[in-house]
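User: Please take a close look at the aromatic rings in this model, and at the charges placed over them. Then set them against the sheet and the overall fold.

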Amino acid sequence: MPAKQERRLRVGVLGAGQIAQAAHFESCTKAVNADLYAICDVADDLRERMAITHGAERTYSKYDKMLADPNLDAVIIATADAFHVPASLRALEAGKHVLCEKPVGITVEECLQLKAAVEKSGKVFQVGHMKRFDAGLQAAKSFIVNEMGEVIGLKAWYCDSTYRYPMTDAVQPLIVSSAKAKKPSENPKADLRRYYMLAHGCHLIDTARYFAGDIVSVNARLSERAGIWCWFVDVEFASGTLGHLDLTVQVRMDWHEGFQIYGKNGSILGKTYNPWYYKTSEVDIFREADGATHRVLGADGHFYRRQVEGFARTILDSTPMEGADIDDGLASVQAMVAIARSVESGKTVPLADVEGGV
């Protein structure tokens, strides 16, 4: 790994559960411009074990005490979805920058409340849509912005596999749990339709928005058969681009994720891998100008580490944000809610009209 820079962001991670263990602790320790300064979790056994394993300088059992630490620059919210907005609000009130796991919230109203708080705080707020730090997706975005011209159509798919856990268990660290861990009042997986949309749909929606811009409305269909949840969603983008999204959980095949984009001056075909392989997407960019296809070499596929480094650059160096901001996070939640309402009604649903949660 490259040597650490002299000036680094001191990060505290709230929550020592699966996503923190699999992604955020390592990302902070490996990032060239950030350090894992603190870990906060109510479970004493889990917190202390993670601090020893990853070398955190400080540990806290109470969130407010971590936020009161004057040496802490920023927090990563790595808790269950239901805690994202309340934890983000407290961090902003304490004057800390925030990187919040996706989805940023679970209702439109709480996301709007958070948006107002972010704008009032003047702090950097980034949503953990780490796929924006995939070098393959970044190459596609650069081509769209600089060369493709008008984008005519976009198809994107995110299909979780029945073989996901045998694959991820082999490459992730052994996840440590604790009986003392804080959990939401309701089991997030009790309603799988809702859980799958929040956990996976937000990735698909953010990828589509990253490439084609704001979504105006959606028309969605859902099939729940044979233990498979399959959403097909027709999307109207503000740009006039036609869109179609496929969210299917769980497909009887390997992990299946990718996109096709058709434009005035070329086309793009992308294949994305399970994120825990840390493998950059294979993205073929066809340029009409030279009649050839180009593929970026994506040797660095640690999207979570690159996400932390981008977050730190925005804070330390005032560089433009490369990741998703609060508006992106809000729009993702609005789109998920609109998809749910469209499934219920069988009609096209404008994002501007939705309220409540999935």
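Analyst: Start with the charges. The charged end of K141 sits over the ring of Y210, 5.2 Å from the ring centre. "Over" is defined as NZ of Lys or CZ of Arg within 6 Å of the ring centre and within 35 degrees of the ring normal. K279 does likewise with Y273: its charged end lies over that ring, 5.1 Å from the centre.

A word on the basis. This is a predicted model, in which local features need pLDDT of at least 70, side-chain atom pairs count only at pLDDT 80 or more, and totals for chains, interfaces and linings use all residues. Numbering runs from 1 along each chain as its sequence is written, and side-chain values use heavy atoms, with hydrogens and water left out.

Now the ring pairs. The structure holds seven aromatic pairs. Rings of Phe, Tyr and Trp (its six-membered ring) pair if their centres lie within 6.5 Å; planes under 30 degrees apart are stacked, over 60 edge-to-face, the rest tilted. Y195 and Y196 form one of them: ring centres 5.9 Å apart, planes at 55°, so this pair is tilted. Y196 is buried at 11% relative accessibility, while Y195 is partly exposed at 22%. Buried means under 20% relative accessible area and exposed over 50%, with partly exposed in between (1.4 Å probe, protein chains only). W276 and Y278 make an edge-to-face pair, because their planes stand at 85°, with centres 6.3 Å apart. W276 is buried at 9%; Y278 is partly exposed at 24%. Ring pairs also link Y195, Y196 and W229 into a cluster.

Next, the sheet. Nine strands form an open sheet in the order 14-13-12-11-7-10-9-8-15, with mixed pairing. Helices (H or I, at least four residues) and strands (E, at least two) are DSSP runs numbered from the N terminus, and two strands pair if DSSP finds at least two bridges between them. Strand 14 (292-295) and strand 15 (349-350) are the edges, each pairing on one side only. Strand 15 pairs with strand 8 (residues 215-225) in the antiparallel sense over two bridges. There, S217 has P350 as its bridge partner.

Finally, the whole. The protein has ten helices and 15 strands. Its C-alpha trace spans about 55 × 45 × 45 Å along the principal axes. Of its 358 residues, 53% count as buried.
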